[in-house]
Amino acid sequence: MPCGMPDSTSDLGVEGTAGPQVRMTGDLDTSAADELASRLQSVPVGPHALTVDLRSVTYVDSAAVAVLYRHVRRGLRILVRDGTAVAMVMRICGLTAVCDVRFLPA
């Protein structure tokens, strides 16, 4: 699967989550940010938070972070592997202060 491509936008059964989910893999760079935005916009707003599973993402740049910030008011839940560069970006950019970022064991 190409970097930054989603492999699903429906219920993935991620433990401890309910509602719609988007899972991304590889690098979330400028070229993949538009795809992330498109996938997030395509998920209907509902009563549950939108889970964005970034556990298989290896790189996140500012374009992808900006996309996540644009969707914060939807009630995002972001899953990342703790101890990774992606986890560090989530902490540094301040997403942990405005949405539910869950740091899961690597």
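Modeller: Leu79 counts as buried, because its relative accessibility is 2% (buried means under 20% relative accessible area, exposed over 50%, and partly exposed in between, with a 1.4 Å probe and protein chains only). This is a predicted model, in which local features need pLDDT of at least 70 and side-chain atom pairs count only at pLDDT 80 or more, while totals for chains, interfaces and linings use all residues. Residues are numbered from 1 along each chain as its sequence is written, and side-chain values use heavy atoms, with hydrogens and water left out.

Biologist: In which strand does Leu79 lie?
Modeller: Leu79 belongs to strand β4. Helices (H or I, at least four residues) and strands (E, at least two) are DSSP runs, numbered from the N terminus.

Biologist: How many residues of β4 are buried?
Modeller: In β4, 5 of the 6 residues are buried, so the strand is mostly covered.

Biologist: And how far is Leu79 from Thr51 in space?
Modeller: Their C-alpha atoms are 7.3 Å apart, although 28 residues separate Leu79 and Thr51 in sequence. Thr51 itself stands opposite Arg77 in β4.

Biologist: Which strands does β4 pair with?
Modeller: β3 and β4 pair in the parallel sense over 4 bridges, and 5 bridges join β4 to β5, again running parallel. Two strands pair if DSSP finds at least two bridges between them. Val52 has Ile78 of β4 as its bridge partner, and Val80 has Phe103 of β5.

Biologist: What about β2 and β3, parallel or antiparallel?
Modeller: β2 and β3 are parallel, with 7 bridges. The chain passes from β2 through α1 to β3 in a right-handed β-α-β crossover. Right-handed here means that, with the strands pointing away from the viewer, the path from the first strand over the helix to the second runs clockwise. β3, α2 and β4 also make a right-handed β-α-β unit.

Biologist: Turning to α2, which of its residues are buried?
Modeller: In α2, residues 62-70, the buried ones are Ala64, Val65, Val67 and Leu68. Viewed down the helix axis they fall within an arc of 155°, so they line one face of α2; the arc is that of the directions from the helix axis to the C-beta atoms.

Biologist: What does the face turned away carry?
Modeller: That face of α2 carries the exposed residues Ser62 and Arg70.

Biologist: And what covers the buried residues of α2?
Modeller: The cover includes β2 (21-28), α1 (30-42), β3 (50-60), β4 (76-81), α3 (85-92) and α4 (95-98).

Biologist: Which residue caps the N-terminal end of α2?
Modeller: Asp61 does, with a side-chain oxygen 3.0 Å from the backbone nitrogen of Ala63.

Biologist: Now α3. Which residues are buried there?
Modeller: Val86, Ala87 and Met90 are buried in α3. They fall within an arc of 100° seen down the axis, so they line one face of the helix. They pack against β3, α2, β4, α4 and β5 (100-104). After α3 comes Gly94, whose phi is positive, near 90°.

Biologist: What is Met90 in contact with?
Modeller: Leaving aside neighbours within four places in sequence, Met90 is in contact with Leu54, Val60, Leu68, Ile78, Val80, Leu95, Thr96, Val101 and Phe103. Contact means heavy atoms within 4.5 Å.

Biologist: Which members of the largest nonpolar core touch the most others?
Modeller: Of its 28 residues, they are Leu28, Leu54, Leu68, Ile78, Met90 and Leu95. A nonpolar core is a set of buried Ala, Val, Leu, Ile, Met, Phe, Trp, Tyr and Cys residues joined through side-chain atoms within 4.5 Å. β2, α1, β3, α2, β4 and α3 are the elements that give two or more residues to this core.

Biologist: A change of topic: where is Asp82 found?
Modeller: Asp82 is in the loop between β4 and α3, and is partly exposed, with a relative accessible area of 33%.

Biologist: Which side chain does the side chain of Asp82 make a polar contact with?
Modeller: The partner is the side chain of Arg91, at 3.1 Å. A polar contact is a pair of N or O atoms within 3.5 Å; within protein, one must be able to donate a hydrogen and the other to accept it, and residues adjacent in sequence count only if both atoms are side-chain atoms.

Biologist: Finally, how many helices and strands are there?
Modeller: The protein chain has 4 helices and 5 strands, in the order β-β-α-β-α-β-α-α-β from the N terminus.
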